[in-house]
Amino acid sequence: MRVRERDAAAVRLTADEIGGPLGERATLVQFSSAFCAPCRATRRTLAEVAAMVDGVTHVEIDAERELELVRRLGILKTPTVLVLDAAGSVVRRAAGLPRKADVIAALGTAVDA
């Protein structure tokens, strides 16, 4: 998994855009596709982290059904994970299967933002 910082002011997402509620402290947004084996493992990891950290929500988006959003955000592969702060601004972005430690570290940036 490669984690990149994003300019928080550049991209901000709403609950309507992601199809689920924003977390009180942060949101983990996962872009997946139907036949993506790493997407299933990513779903488990993000759900575990969201359950461990108060105020964090995990939302999964079917990349094939949300092509306009995928194009707008430049999602090139699945799984791709966006870490949003409480206001919905993207503070981290990662492609590939994340390690739990990396997700927790990325959340630290979102919660401190």
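Modeller: Partly exposed here means a relative accessible area between the buried limit, under 20%, and the exposed one, over 50%. Keep in mind that this is a predicted model.

Colleague: Thanks! Is Arg72 buried, partly exposed or exposed?

Modeller: Arg72 has 48% relative accessibility. Exposed would need over 50%, so Arg72 counts as partly exposed.

Colleague: And which residue forms a salt bridge with Arg72?

Modeller: Happy to trace that one. Arg72 lies in helix 3 (residues 67-73), and its partner is in helix 1 (residues 15-18), so the pair ties together parts 55 residues apart in sequence. The closest N and O atoms are 2.9 Å apart, and the partner is Glu17.

Colleague: Now to helix 2 (residues 37-52) and helix 4 (residues 100-112): are they parallel, perpendicular or oblique?

Modeller: Their axes come within 10 Å and cross at roughly 50 degrees. Roughly parallel would need an angle under 35 degrees, and roughly perpendicular one of 65 to 115. Helix 2 is therefore oblique to helix 4.

Colleague: How many residues of that contact are nonpolar?

Modeller: Helix 2 contributes Thr45, Leu46, Glu48, Val49 and Met52, while helix 4 brings Lys100, Val103, Ile104 and Leu107. One of these residues is polar and two are charged. The nonpolar ones number six.

Technical notes: Residues are numbered from 1 along each chain as its sequence is written. This is a predicted model: local features need pLDDT of at least 70, side-chain atom pairs count only at pLDDT 80 or more; totals for chains, interfaces and linings use all residues. Side-chain values use heavy atoms; hydrogens and water are left out. Axes are lines fitted to C-alpha atoms, for helices over the stretch in contact, and angles run from 0 to 180 degrees between N-to-C directions. Helices (H or I, at least four residues) and strands (E, at least two) are DSSP runs, numbered from the N terminus. Angles under 35 degrees count as roughly parallel, over 145 as roughly antiparallel, 65 to 115 as roughly perpendicular and the rest as oblique. Contact means heavy atoms within 4.5 Å. Ala, Val, Leu, Ile, Met, Phe, Trp, Tyr, Cys and Pro count as nonpolar, Asp, Glu, Lys and Arg as charged, and the others, Gly among them, as polar. A salt bridge is a side-chain nitrogen of Lys or Arg within 4 Å of a carboxyl oxygen of Asp or Glu. Buried means under 20% relative accessible area, exposed over 50%, partly exposed in between (1.4 Å probe, protein chains only).
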